[in-house]
Amino acid sequence: MEAKRELLDLLLSDARQSTEDIARQLGVDAATVEKLVDELESEGAVRGYQAVVDWDSVDEEHVRAEVELNVELDRETGYEEIARRIAKFPEVASLRLISGSYDFAVDVEGESMHDVSNFVSEQIAPIPEVTQTVTHFVMRTYKERGVYFGDGDDDDRLAVSP
Amino acid sequence: MTGPTERLSRRARETPPSGIRRFFELAEEMDDLVSLGVGEPDFSAPWAARTAAIDSLERGRTSYTANRGRRDLRERIAEHVTRYDLSYDPDDEILVSTGASEAVDLAMRALIDPGDAVAVPQPSYISYGPTVTFSGGEVVPVETHAENDFVLTYEDLERAGADEASILVLCYPNNPTGAVMTREELAEVAEFVREHDLFVLSDEIYAALRYEDEHVSIATLPEMRERTVVFNGFSKAYAMTGMRLGYALGPSAVIDAMNRIHQYTMLSAPTTAQFAAIEALDSCDGAVEEMRREFDRRRQFVISRFNEIGMDCFEAKGAFYVFPKCPPGWEDDEAFAEALIREERVALVPGRVFGDGGEGHLRVSYASSMGELKEALNRIESFVESR
Ligand SMILES: Cc1ncc(COP(=O)(O)O)c(C=O)c1O
């Protein structure tokens with residue numbers, strides 16, 4: 001498989017591992033890894049590196065909601081334009097255009113339910129093209145970006161075997 | 001009254017405990033252990049195979065199967081092995097067994113008369129010697145060498161007196177070394193086999209775990225099909241060790257004889273596992289390829305780390321083992337492995353456990369997560385540097 005694709009897999013599984021460790025796994029030298037990472041970044045394939053946080057384990061209020069948005073397009077305004085307006089808010093963690101009975105799925109984060117619902121009613125709902133919002137507060141997160149938040153899978157293999 | 005110990009057969013009393021046992025016991029009592037001593041994948045069987053097993057149970061398929069294994073499974077095995085250019089008739093040239101382990105034992109029992117010599121290349125998987133002995137045969141150890149990356153050569157066979165043997169055991173990709181053999185290298189061995197009229201038992205259970213090139217079965221070499229039984233199974237490629245399912249491929253006369261023993265001692269291989277295996281062959285190539293790729297990354301990682309640490313490690317291209325040398329200053333692999341587990345809580349298996357030629361080496365399994373491998377190699381590095 002193409003080295004760049006392999007590199008993406010490795011970054012997806014652990015973006016914090018050292019360039020040297022990545023190089024060892026791909027059987028190339030560290031300079032090559034640096035170069036490939038630079039390319040992935042400049043092509044826009046890799047947009048950032050972030051921790052996967054289990055907020056239930058952080059001693060701090062953190063509320064998240066998944067908001068469904070319906071919009072009405074007119075001759076001047078398309079999805080891109082509406083998305084640009086919504087994406088600029090720091091409260092919006094993710095924004096996706098989706099198929100089905102509504103148009104945008106928006107992840108909104110804040111310190112309290114009050115924060116989040118205020119944000120939706122005061123910043124999102126008033127946008128002229130937005131015809132409807134439905135807010136679902138997240139009660140609990142079990143898995144995020146491929147990482148399961150339960151206890152680690154216990155390895156019940158024998159410690160030493162033939 | 002004769003005590004229970006005195007009642008044991010001479011054979012049972014004379015069977016030594018496996019050399020792995022001691023390290024297992026040391027490892028068992030340790031917290032915070034990182035084990036690179038595990039001879040099975042760290043993955044679970046592909047979900048589709050597990051579902052097929054569950055489905056079969058829900059449908060109440062809990063009876064024996066045909067002695068040779070379900071016909072539909074044997075047909076799929078026949079189809080599957082064509083990828084290695086092997087061609088066997090599901091009717092009478094394939095036997096489904098309880099792990100490759102049972103098939104190896106059956107072949108020994110079907111082929112060995114008391115006193116027959118069986119050439120067993122070493123270092124190798126620990127079961128061959130005892131199964132030869134249980135059948136009344138004599139083991140002729142054939143030492144392979146680090147200089148040749150543990151590939152078996154014509155000279156190795158000659159030097160060991162393997163021409164006296166009636167059977168030669170092969171295991172490539174190899175446990176414990178990770179060594180593989182190319183077609184050219186196998187051709188030399190095949191030449192020796194034909195010259196001295198040997199029969200080959202070829203354990204190819206790691207065939208699917210080849211890196212960089214394709215697996216070659218010795219049975220595909222000229223005139224070898226009629227003098228070879230090939231073993232394979234679901235334990236390693238499909239991460240199904242606990243399901244206990246393997247198979248043997250060979251000339252009908254030998255498979256028939258193996259089946260005759262199997263029908264009295266085992267009746268049939270586990271039924272639930274046979275259903276899982278059918279699904280594994282039908283739909284799990286993708287899952288196997290994903291595991292293989294993950295193993296390959298780990299393999300490259302551990303090989304470069306060992307060489308950086310100063311523990312000479314040849315580029316093993318198969319299975320999920322590498323076989324580095326002890327670091328300079330350490331002659332004794334057992335002493336090294338014991339000091340390492342006591343001081344750094346990293347478990348490896350000393351090479352000598354696998355027979356002649358293994359001394360001074362360590363079997364390292366990379367069937368562990370990258371996180372564990374990194375941690376283990378860091379501990380080994382600090383251990384080696386502190387001396
Ligand atoms: C070379 C070799 N052959 C056979 C086996 C046993 O396989 P199975 O689980 O199919 O009995 C193993 C397991 O470690 C092995 O390494």
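**The interface between chains A and B**

The contact (heavy atoms within 4.5 Å) takes 31 residues from chain B and 17 residues from chain A. This is a predicted model, in which local features need pLDDT of at least 70 and side-chain atom pairs count only at pLDDT 80 or more, while totals for chains, interfaces and linings use all residues. Residues are numbered from 1 along each chain as its sequence is written, chains are lettered from A in the order in which they are written, and side-chain values use heavy atoms, with hydrogens and water left out.

Together, chain B and chain A bury about 1,900 Å², of which 52% lies on carbon and sulfur atoms. Buried area is the accessible area (1.4 Å probe) that two parts lose on being put together, summed over both. On the side of chain B, the residues that lose the most area to chain A are B:F24, B:R297 and B:K374, which together account for 29% of what that side buries.

Charged side chains also meet here. Five salt bridges (a side-chain nitrogen of Lys or Arg within 4 Å of a carboxyl oxygen of Asp or Glu) are counted between chain B and chain A. In one salt bridge, the side chains of A:E6 and B:R297 meet at 2.9 Å, N to O.

Which elements of chain B give two or more residues to the side that touches chain A? They are α3 (20-28), α12 (285-309) and α14 (370-385), helices being DSSP runs of H or I, at least four residues long, numbered from the N terminus. The most comes from α12(B), with seven residues.
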